[in-house]
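User: I would like to learn how to read strands, helix packing and salt bridges in a model. Could we go through one case together?

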Amino acid sequence: MGRGRSAMKRSLLVRAAVAATAVAGLVLAGCGDTDPPGGEQVDLSVLATDVPQVQTLKKLTKKYFTAETGITVDYTVLPENETRERMNREFATQAGTYDVASVSAYEVPIYSDNGWLAPLDSYVKADKDFDQDDVFPNLVSSLTGEDGKLYAEPFYGEGSFLMYRKDLFRKDGLTMPSNPTWQQVADLAAQVDGTDGASGICLRGLPGWGQNLAPINTVVNTFGGAWYDMDWNARLTSPEFKRAVGFYVDLLRSHGQPGAERMGVLEILDSFVAGKCAMMYDATSLASSIEADGSSVKGKVGYVPAPHDRTEKAGWLWTWAWGVQQASDNKDAAWEFISWASSKEYQELVGQEVGWTAAPAGNRKSLYANPEYQQAAGAWYRQEYTAATDSADPKNPGVAPRPYTGIGFLGIPEFAVLGTAVSEQIAAAIAGHQSVDTALDKSQDLAQAAAAKYRGE
């Protein structure tokens, strides 16, 4: 990589990890060689979510990772919902098709409890240059199983914040509060809607527990709602839950982007970058695309904390991380890939080769102390750092007590199916096919049935 660790040093690190875990079949690169010892080619299969950071990773892999290690990487990159569907099937059956996959703070506890992920502790311990202490502790905690073992390394982390067009606000004589409430956001959306043809606000409407429910759950939390009470009785028809979802749906229908029910994170990002949105509430990781060369709104955007209502904090905590399938025959090479893709050196590589705004952020302390990143990300890095390190508490993100953890999701295995089903009902309300009350009445029944075992039924 030129400015990273040498292939020889990496080989020695992984040999130490393999010895510690008694993993057979070491296949590694020699010092600068393009072929591993013994002449055998190692081919890694990686399943990843289609986000800009992954697209950059793909472009750099052959030139900098494969050339150094001799390990080729075959990427399967899919939209978020499709990635999860394939990953769930793959890991549940332990087919071994993919060595490495994009896993999140939701999958790790479930997958590790079922023995579907390989622990990474011995690799981390042997790989001193990886600098695990530099990784944000809250992300490490979210990727640690109930057994205390580490099962994934964050590729990037994110919170959520509100992005707004400073130029449109100036044109309309509007001022964004430094810590806005949701009602203030709704009022501003109404006033700026239509300025230069932009929608007042863009929000996720596409069904999927990782799509529209991610922001909706933060609204539910700060409005005082919860999915369940402490006895696992569903609360989706409670006044607080109804008020939160009704607010979100009404905001989208009144001042949101056309066709919102078909638009997820990538679609609203495209709309915002194209100048079609005056505001957008979503992931901090999107800022790099917003401020990238070619973006029509570069230099025109302001960033403020996630809007709130009854709580002081309302943003989510999330990470896309790399996990190794337990059934993989290439665990040593898989760590080589993870060690490279999640390293400080890789962030520097992206900064130098592509631009610092494209560096995967939100996972390492050192990035925010880097003057080059501070300069390039001057418009948002402080808010990004705060969102990633001081989000709402995953154990208590709202007002109402709850028997589960999670901010934008519920930390129970049933939520993948339940959340998707509920998100479809809400998307139908966003599309105008049914009322919010009808959507939540149906969702209440789904949620009550999903938690039957927790009530002892």
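**Reading the sheet**

Analyst: Phenylalanine 161 stands opposite proline 305 in E7. Keep in mind that the model is predicted.

User: Which strands form the open sheet, and in what order?

Analyst: The general idea comes before the case. Strands of a sheet pair through backbone hydrogen bonds, in a parallel or an antiparallel way. Here the sheet is open and has three strands in the order E6-E5-E7, with antiparallel pairing. E6 and strand E7 (301–305) are the edge strands, each pairing on one side only. From one strand to the next the twist averages 30°.

User: Over how many bridges do E5 and E7 pair?

Analyst: Strand E5 (residues 160–165) pairs with E7 over five bridges, in the antiparallel sense. Within that pairing, arginine 165 stands opposite valine 301 in E7. E5 and E6 also pair in the antiparallel sense, over five bridges. There, methionine 163 has methionine 280 in E6 as its bridge partner.

User: Which residues point each way from E5, and are they buried or exposed?

Analyst: Ser160, Leu162 and Tyr164 point one way, while Phe161, Met163 and Arg165 point the other way; all are buried. E5 is thus mostly covered, with six of its six residues buried. For E7, four of the five residues are buried, so E7 is largely enclosed by the rest of the structure.

User: Which helix packs on the sheet?

Analyst: Helix H11 (residues 265–273) does, touching E5, E6 and E7. The direction of H11 makes about 140° with that of E6.

**Reading helix pairs**

User: By what are two packed helices described?

Analyst: By the angle between their axes and the distance between the axes. Take helix H18 (residues 415–430) and H19 as a case: they pack at an angle of about 175°, with axes 8 Å apart. That angle makes H18 roughly antiparallel to H19. On the H18 side, the residues that meet H19 are Leu418, Ala421, Val422, Gln425, Ile426 and Ala429. On the H19 side they meet Val436, Ala439, Lys442, Ser443, Leu446, Ala447 and Ala450.

User: At what angle do H10 and H19 pack?

Analyst: Helix H10 (residues 239–255) packs with helix H19 (residues 436–450) at an angle of about 130°, and their axes are 10 Å apart. H10 is therefore oblique to H19. The crossing in which H10 passes H19 is right-handed. Residues of H10 in this contact are Phe241, Lys242, Val245, Gly246 and Val249, and they meet Val436, Asp437, Leu440 and Asp441 in H19. Val436 is listed in the contact with H10, and Val436 is listed again in the contact with H18.

**Reading salt bridges**

User: How many salt bridges does the count come to?

Analyst: The count comes to 15 salt bridges, taking a side-chain nitrogen of Lys or Arg within 4 Å of a carboxyl oxygen of Asp or Glu. The side chains of arginine 84 and glutamate 80 meet in a salt bridge at 2.7 Å, N to O. These two are four residues apart in helix H3 (residues 80–93), so about one helical turn separates them. Arginine 84 and glutamate 80 are both buried. A network of salt bridges links Glu80, Arg84 and Glu107.

User: Where do arginine 204 and aspartate 282 lie?

Analyst: The two form a salt bridge, with 2.7 Å between the closest N and O atoms. Arginine 204 is in the loop between helix H8 (182–192) and helix H9 (213–222), and aspartate 282 is in strand E6 (residues 279–283), so the pair ties together parts that are 78 residues apart in sequence. Arginine 204 is buried, with a relative accessible area of 5%. Aspartate 282 is buried too, with a relative accessible area of 0%.

User: Does arginine 262 count as buried or exposed?

Analyst: Arginine 262 counts as exposed, at 57% relative accessibility. The side chain of arginine 262 meets that of glutamate 261 in a salt bridge at 3.0 Å, N to O.

User: How far apart in space are aspartate 293 and alanine 449?

Analyst: They are 49 Å apart in space, C-alpha to C-alpha, and 156 residues apart in sequence. Aspartate 293 lies in the loop between helix H12 (287–290) and E7. Aspartate 293 is exposed, with a relative accessible area of 69%.

Technical notes: Residues are numbered from 1 along each chain as its sequence is written. This is a predicted model: local features need pLDDT of at least 70, side-chain atom pairs count only at pLDDT 80 or more; totals for chains, interfaces and linings use all residues. Side-chain values use heavy atoms; hydrogens and water are left out. Buried means under 20% relative accessible area, exposed over 50%, partly exposed in between (1.4 Å probe, protein chains only). Two strands pair if DSSP finds at least two bridges between them. Axes are lines fitted to C-alpha atoms, for helices over the stretch in contact, and angles run from 0 to 180 degrees between N-to-C directions. Contact means heavy atoms within 4.5 Å. Angles under 35 degrees count as roughly parallel, over 145 as roughly antiparallel, 65 to 115 as roughly perpendicular and the rest as oblique. A crossing is left-handed if the near helix is turned anticlockwise from the far one by less than a right angle, and right-handed if clockwise.
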